[in-house]
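Student: Could we go through the backbone and the side-chain packing of this chain, one point at a time?

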Amino acid sequence: MILAIDTATRWAGLALHDETAVIAEYGWRCLQNHTVEIAPTIADMLSRVDLEIGDLDAVAVAIGPGSYTGLRVGLALAKGLALAGQIPLIGVPTLDIVAFSFEQMPVQLLVAAEAGRTRVCAAIYQWQDEQGWQPRRPPVIDTWDNIITSTEKPTLFAGEITPDATKLIRNKSRHFTVASPAVSTRRAGFLAELGWQRLRNGQVDDAASLAPIYLRDPAGR
């Protein structure tokens, strides 16, 4: 059983996956309450499906980019569970979770996550046979205006996209489309499936050294 923990942004997600099915999945707008909400919600989720912490075989966690505080809370909890239970820990980049949920398409995929101060984290993904969606380059943090202006090919935009950003995207080019909010939601169930995939491939992280992906100094410099 893998427990998936995603606290990268104000959208929080938790899931339990036994490698054949999603057993439980929670997703909610957490705002700035990750510290007080995540651990009790994990306990409630486990209780609802009659499982205990000792039943976990691994923990998958979103490692960024995203909110400094949110990432710190999720990663600290995931590390604590992995070390205490002596189980594998798998870190997964935040934007990869959304990209993983999409099937192959004839256009490129741009995935975004909120970064605060009117900025977003974004990365462009290209489909690669047998590997699925892979980022063309590391993610960037910028304004929607700059991200849209620098995007030229036909693109599907997905992830955390505000109504204002949606208007900008659609007005920029008829070759740009925006995924619906429900399809764009970053689901912890997909994080769990990525966790199982990486676990089977031996892609396990060291709980002591795994660090979040920050695109700017946590102090804001």
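Student: In which loop does Glu19 lie?

Tutor: This is a predicted model, in which local features need pLDDT of at least 70 and side-chain atom pairs pLDDT 80 or more, while totals for chains, interfaces and linings use all residues. Residues are numbered from 1 along each chain as its sequence is written, and side-chain values use heavy atoms, with hydrogens and water left out. Helices (H or I, at least four residues) and strands (E, at least two) are DSSP runs, numbered from the N terminus. Glu19 lies in the loop between strand E2 (11-17) and strand E3 (22-29).

Student: What is the phi of Glu19?

Tutor: Most residues other than glycine have a negative phi. Glu19 is not a glycine, yet its phi is positive, at about 85°.

Student: Is Glu130 buried or exposed?

Tutor: Glu130 also has a positive phi, of about 70°, without being a glycine. Its place is in the loop between strand E7 (119-128) and strand E8 (132-135). Buried means under 20% relative accessible area, exposed over 50%, and partly exposed in between (1.4 Å probe, protein chains only). Because its relative accessibility is 87%, Glu130 counts as exposed.

Student: Which residues does the cis peptide bond join?

Tutor: Most peptide bonds are trans. The cis bond has an omega of about 10°, and its Pro65 is in the loop between strand E4 (58-62) and helix H2 (68-85). The two residues joined are Gly64 and Pro65.

Student: How many residues apart in sequence are Ile63 and Ala211?

Tutor: Ile63 is found in the loop between E4 and H2, and it is buried, with a relative accessible area of 9%. Leaving aside neighbours within four places in sequence, its contacts (heavy atoms within 4.5 Å) include Leu71, Leu75, Val92, Leu210 and Ala211. From C-alpha to C-alpha, Ile63 and Ala211 are 7.2 Å apart in space, and in sequence they are apart by 148 residues.

Student: Against which elements do the buried residues of H2 pack?

Tutor: H2 has 18 residues and reaches 26 Å from its first C-alpha to its last, close to the 26 Å expected at 1.5 Å a residue; the expected span is 1.5 Å times one less than the number of residues. Its buried residues include Leu71, Leu75, Ala78 and Ala82. They pack against strand E1 (2-6), helix H1 (34-48), E4 and strand E5 (89-92).

Student: What kind of aromatic pair do Trp127 and Trp133 form?

Tutor: Rings of Phe, Tyr and Trp (its six-membered ring) pair if their centres lie within 6.5 Å; planes under 30 degrees apart count as stacked, over 60 as edge-to-face and the rest as tilted. The structure holds five aromatic pairs. Trp127 and Trp133 have 5.4 Å centre to centre and 85° between the planes, a pair that is edge-to-face.

Student: Why is the pair of Trp144 and Phe157 tilted, and which residues form one aromatic cluster?

Tutor: The ring centres of Trp144 and Phe157 are 6.3 Å apart and the planes are at 50°, so the pair is tilted. It links distant parts of the chain, with Trp144 in helix H4 (residues 144-149) and Phe157 in strand E10 (residues 155-159), 13 residues apart. Trp144 and Phe157 are buried. The aromatic cluster is formed by Trp144, Phe157 and Phe176.
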